[in-house]
Amino acid sequence: MTDAGLADVLFDVRLVVNGIVHTVAVPARRLLSDCLRHDLRLTGTHVGCEHGVCGACTVLVDGVATRSCLMLTVSADNAEITTVEGLTEPDGTLSPVQQAFADCHGLQCGFCTPGFLTTITAALADIPDPTHDEAREIIGGNLCRCTGYQNIVKAVLRAAELRRQLS
Amino acid sequence: MKPSSFGYSRPESVAEAIQILASIGPDGKVLAGGQSLVPLLNMRLAAPTHLVDINRLSELAFISVADGQVTVGATARHTDVLRDPVAAAAQPLLRKALSLVAHPVIRNRGTTVGSIVHADPSGEMTAVLALLGGSVRLASTSGQRCVTANEFFLGPLESDVRPDELATEASFPVLPPSAGCAFAEVSRRHGDYAVCGVAALVEIDEDGLVARARAAYLSVAGTPLMLDLTEACGDVGGDLEQAYFAEAGRLAMSQLRPADDIHATASYRRHLAGVLTERALYEAYQQARGRAHD
């Protein structure tokens, strides 16, 4: 990793990812998306556009849905991060949002799905009973090229139902 | 699509941040929410030699309402400002405009002060600052200064922040009791940059006549453009219809010189400016009437 012949200075960064503490030594320019995928080998987080438009790389940083391609790893020092791998229960049970995607055919190729799942998981914590319009607003910043979105909107509403049944 | 190398500092206080900015020279850059800066780094359209990450400056995470101003600190996220009920009551235009800034996930990280310093001519919050006659406070090792909106925006992506300065807060005057405000824009897709947008402010007098009508425009000029449209609002009171503001829309169209680009032709933008001016002034007028009757 050299640029203009200069070696990057490395920074020690502590991340708690899906409950597990990791310490990585990364250059300041390492995007959080690349750290998750390349340094931690958590390849569930997908990288689409790498400039904040597609939403595929969305993860939860201290519970807040955030574009991991628009955040430096060093900025996330000591943060608690949840990736799509962290949504599933330890015994493999799917989370309400994941189950709703399966039930409603909310995915086809699956590339965009990790970003939708994390975005919707965070949004339903704020809006537990969204209207149809609110469901559309929740996913407004995520691109999907397969489904035409209708089944994803259904999945948002179904996930809200499943969450309410659990609580 | 990866940033080039840069040095990195993460100060814990404003005092430390401005010390670092003073020492790193003109190629340093402040990193706040990064929702505009990091795409520029990723695409290598910007290559600063040193980033000063202000995200740990919790002393700047405030939103306050005092002395007729809503003041937003440099690390307050768009979402924090959008959800602040006291700020929304004091200046409703903040919430109206912020709900049109990109998408919720971008607003979770992006900062209101950062978007103003970025000075994108398509940015909603730059137009809000210009319309309301707000100001930005800048700090450096040589002291502090306060710059008003009409002097702050110098050109596209260029604001009056010197390399050694940190924008610490932006202040927006509260909405007067006899005034109303509105924000209207058209974008290709929900959450995209607006092809044209209008922020409007209408004040009415005790007889219900329009005493003052102003509008600020995004995406039609290199800096947020503010027009006083009061002269196009005749001395008619009572329950006005939207068509009353058509003359103001025509006046705005005659004064704007937008450019063509891949998103829209200049004439389409002018057309939108006219329609959106009429719509936004009418909505602002209705709010002013509602507030006057309360």
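In the hairpin of S12(B) and S13(B), how many residues lie between the strands, and which residue takes a positive phi?

Modeller: Happy to. Please keep in mind that this is a predicted model. The hairpin of S12(B) and S13(B) has five residues between the strands, and B:Gly208 is the residue with a positive phi, near 85°.

Let's start with the two strands themselves. S12(B) and S13(B) run antiparallel and are joined by eight bridges. One pair to find on screen is B:Val198, which stands opposite B:Tyr217 in S13(B). S12(B) is mostly covered, with 11 of its 11 residues buried.

On its other pairing, S12(B) meets S11(B) in the antiparallel sense, over nine bridges. Here B:Ala179 stands opposite B:Glu203 in S12(B). These two strands also form a hairpin, with six residues between them, and B:Gly191 in that turn has a positive phi of about 95°.

S13(B) in turn pairs with S14(B), antiparallel again, over four bridges. B:Ala216 stands opposite B:Met226 in S14(B). Between strand S13 (210–218) and strand S14 (225–228) of chain B runs a loop that holds B:Ser219. Phi of B:Ser219 is near 65°, a positive value in a residue other than glycine. That deserves a second look, because most residues other than glycine have a negative phi. B:Ser219 counts as buried because it has 28 C-beta neighbours inside 10 Å, and 20 or more is the mark for buried.

Put together, these strands make an open sheet of four, in the order S11-S12-S13-S14 (chain B), with antiparallel pairing. Its edge strands are S11 (179–187) and S14 of chain B, each pairing on one side only. Neighbouring strands of this sheet are turned by 15° against each other on average, direction ignored. Packed on the sheet is helix H11 (residues 266–293) of chain B, which touches S11, S12 (194–204) and S13 of chain B. The direction of H11 makes about 35° with that of S12(B).

The packing can be followed down to single residues. B:Ala200 is in contact with B:Cys181, B:Ala182, B:Ala215, B:Ala280, B:Leu281 and B:Ala284, leaving aside its neighbours within four places in sequence. The largest nonpolar core has 140 residues, and those touching the most other members are B:Val128, B:Ala199, B:Ala200, B:Val202, B:Ala215 and B:Leu281.

Five strands form an open sheet in the order S4-S5-S10-S6-S7 (chain B), and the pairing is antiparallel. The edge strands there are S4 (63–66) and S7 (143–148) of chain B, each of which pairs on one side only. Four bridges join S4(B) to strand S5 (residues 69–73) of chain B, and the two run antiparallel. Within that pair, B:Val65 stands opposite B:Val70 in S5(B).

Now for chain A, where a hairpin gives you something to hold against the one you asked about. Strand S3 (residues 10–17) and strand S4 (residues 20–27) of chain A pair in the antiparallel sense over eight bridges. A:Arg14 has A:Thr23 as its bridge partner in S4(A). Two residues lie between the strands of this hairpin, and A:Asn18 takes a positive phi near 50°. S3(A) also pairs with S7(A), this time in the parallel sense, over two bridges. There A:Val17 stands opposite A:Ile81 in S7(A).

Another positive phi in chain A belongs to A:Asn78, at about 70°, although it is not a glycine. A:Asn78 is in the loop between S6 and strand S7 (80–82) of chain A. This residue counts as exposed, because it has 10 C-beta neighbours inside 10 Å, and 12 or fewer is the mark for exposed.

Last, the place where the chains meet: 23 residues of chain A are in contact with 24 residues of chain B. Strand S6 (residues 64–67) of chain A gives the most to the side of chain A that touches chain B, with four residues. By class, that side of chain A has nine nonpolar, nine polar and five charged residues.

Definitions and conventions
Residues numbered from 1 in each chain as written. Chains lettered and ligands numbered in written order. Predicted model: local features only at pLDDT ≥ 70, side-chain atom pairs only at ≥ 80, totals over all residues. Contact = placed C-beta atoms within 7 Å. Nonpolar A, V, L, I, M, F, W, Y, C, P; charged D, E, K, R; others polar. Pairing = 2+ DSSP bridges. Core = buried A, V, L, I, M, F, W, Y, C linked by C-beta atoms within 7 Å. Axes fitted to C-alpha atoms, helices over the stretch in contact; angles between N-to-C directions.
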